[in-house]
Amino acid sequence: MSAPSIHKGLAGVVVDTTEVSMVNPDTNSLTYRGYPVQDLAGKCRFEEVAYLLWYGELPTPEQLAAQNEAERAHRTLPRDLVLTLLSLPETAHPMDTLRTAVSILGAHDPHEDDNGLEANRAKALRLFAALPAVVALTQRRRHGLLPLAPRDDLGYAENFLYMTLGEVPEPVIVRAFETSLVLYAEHSFNASTFTSRVVTSTLSDLYSAVTAAIGALKGPLHGGANEAVMTTFEEIGTAANAEAWLAAALAGKRKIMGFGHRVYKKGDSRVPTMRRALQEIAELRDGHHLLDLYEALARAMAGAKGLHPNLDYPAGPAYHLIGFDTPVFTPIFVAARITGWTAHIAEQLADNSLIRPSSAYTGPTERMLGTAG
Ligand SMILES: CC(=O)SCCNC(=O)CCNC(=O)[C@H](O)C(C)(C)COP(=O)(O)OP(=O)(O)OC[C@H]1O[C@@H](n2cnc3c(N)ncnc32)[C@H](O)[C@@H]1OP(=O)(O)O
Ligand SMILES: O=C([O-])CC(=O)C(=O)O
């Protein structure tokens, strides 16, 4: 028998088709349902992008109004969910709180096991509506503050910021935050989306798939990197230290968070747009020291390893300057990616095949019990 070829980490393996998004590393482009993500970030509200991912087309004004009405109606968390989340240890990572919240919402949903398209679209919308309140609750709790009721006179991004920070910031900040949500919304078969598809392929329910995806996104090699970028910046301190810090970190075989990508080898298509958003935030929030550090570390990394920043690199400092605590950065990523995950869950169910790869066994050859010793 010839040795099977192993595709470690499934790198380069095409496991299925998708109509949701296309990542093209050769042209550094990313499209959602055919639309370049930069255009969507510049011209659309996040609610419109969510609709596009779920339905395949941008909404008409009437469709958007109906979706907005439904979303605003589901922004308030059930009281028993709030009490359960507040009973978790204060040391719990906000990603654990969020994962728990999704799991509890699933346990409360009488239609949890209905995998019909309409039932799952309704669940996706409810999670989309509820997750900002969970993120806001975790950050406010860290500061000894009670949760705020959502405001149904505000759009999704404004309400998210209001519930977390206690006020709606300047329009430039709202727009930059919304840009990050659009850029984070979807990215083909990344690890967390693939996780959600694996769980869905067993015909499990949407909440289980999303809970598993949250677990996958938490890791620092994936979504957890946006938090790690901020920790790195704090460790380095100032731009002047970047080169020496990097040399020591690489000598110690450390992975530098926010750099490198499985698919993009010439740079992440989303970074220029998010870098501009970071610049706008930095100008309003006195963040030039962070921009200098950003550039110094990026230059040093390009020189030392030829590696480019990924989306988490500009997103981390942007969220910091907006006023988010570092541990809620990845939960914000979840709130955005819930749109992509749930679009993929629907696509998986529409043409399902159990995802179950093979492995090459390298353990002991067959042996008999009772022969050892
Ligand atoms: C939104 C997102 O999820 S984007 C990804 C966010 N994750 C991060 O920023 C974490 C840091 N980056 C990494 O760990 C990697 O670049 C990954 C996991 C994203 C991609 O990894 P892979 O495609 O498996 O690339 P791989 O790990 O094979 O890297 C190739 C080489 O570059 C090195 N490398 C890649 N990224 C980095 C990094 N950030 N810091 C240091 N070295 C790196 C690897 O060590 C490897 O070197 P070697 O050939 O000497 O062993
Ligand atoms: O595609 C990936 O592997 C990771 C990523 O950038 C994302 O999920 O946004």
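What is the handedness of the crossing in which helix 11 passes helix 16? The crossing is right-handed. The views below come from a predicted model, in which local features need pLDDT of at least 70, side-chain atom pairs count only at pLDDT 80 or more, and totals for chains, interfaces and linings use all residues. Residues are numbered from 1 along each chain as its sequence is written, chains are lettered from A and ligands numbered from 1 in the order in which they are written, and side-chain values use heavy atoms, with hydrogens and water left out.

**View 1. Helix 11 packs against helix 16.**
Helix 11 spans residues 225–236 and helix 16 spans residues 329–350. Helices here are DSSP runs (H or I, at least four residues), strands likewise (E, at least two), and both are numbered from the N terminus. The two axes lie 7 Å apart, at an angle of about 150°. Axes are lines fitted to C-alpha atoms, for helices over the stretch in contact, and angles run from 0 to 180 degrees between N-to-C directions. Helix 11 and helix 16 are therefore roughly antiparallel. The classes are roughly parallel (under 35 degrees), roughly antiparallel (over 145), roughly perpendicular (65 to 115) and oblique (the rest). A crossing is right-handed if the near helix is turned clockwise from the far one by less than a right angle, and left-handed if anticlockwise.

**View 2. Phe233 sits in helix 11.**
Phe233 counts as buried because its relative accessibility is 2%. Buried means under 20% relative accessible area, exposed over 50%, and partly exposed in between (1.4 Å probe, protein chains only). Asp113 is 120 residues away along the chain, and its C-alpha atom is 44 Å from that of Phe233.

**View 3. Ala240 lies in the loop between helix 11 and helix 12.**
With 73% relative accessibility, Ala240 is exposed.

**View 4. Helix 12 crosses helix 14.**
Helix 12 covers residues 242–251, and helix 14 covers residues 288–305. Their axes come within 9 Å and cross at roughly 45°. That makes helix 12 oblique to helix 14. This crossing is right-handed.

**View 5. Arg33 and Gly34 are in the loop between strand 2 and strand 3.**
Strand 2 is 29–32, and strand 3 is 35–36. Arg33 is not a glycine, yet has a positive phi of about 50°. Arg33 counts as partly exposed, at 22% relative accessibility. Gly34 counts as exposed, at 57%. The C-alpha atoms of Gly34 and Val20 are 8.4 Å apart, and the two residues are 14 apart along the chain.

**View 6. Ser188 has a positive phi.**
The value is near 50°, in a residue other than glycine. Ser188 is in the loop between helix 8 (171–184) and helix 9 (191–201). Its relative accessible area is 18%, so Ser188 is buried.

**View 7. The second largest pocket is lined by 13 residues.**
Ser5, Ile6, Ser358, Ser359 and Ala360 lie nearest its centre. The volume of this pocket is about 320 Å³. Its lining has eight nonpolar residues, four polar and one charged.
*Terms.* A pocket is an open set of points on a 1 Å grid over the protein atoms alone, where a 1.4 Å probe fits, with protein on both sides within 12 Å along at least five of seven lines; lining residues have an atom within 4 Å of a point. Volume is the space filled by probe spheres set on the points, which are joined across faces, edges and corners. Nonpolar means Ala, Val, Leu, Ile, Met, Phe, Trp, Tyr, Cys and Pro; charged means Asp, Glu, Lys and Arg; the others, Gly among them, are polar.
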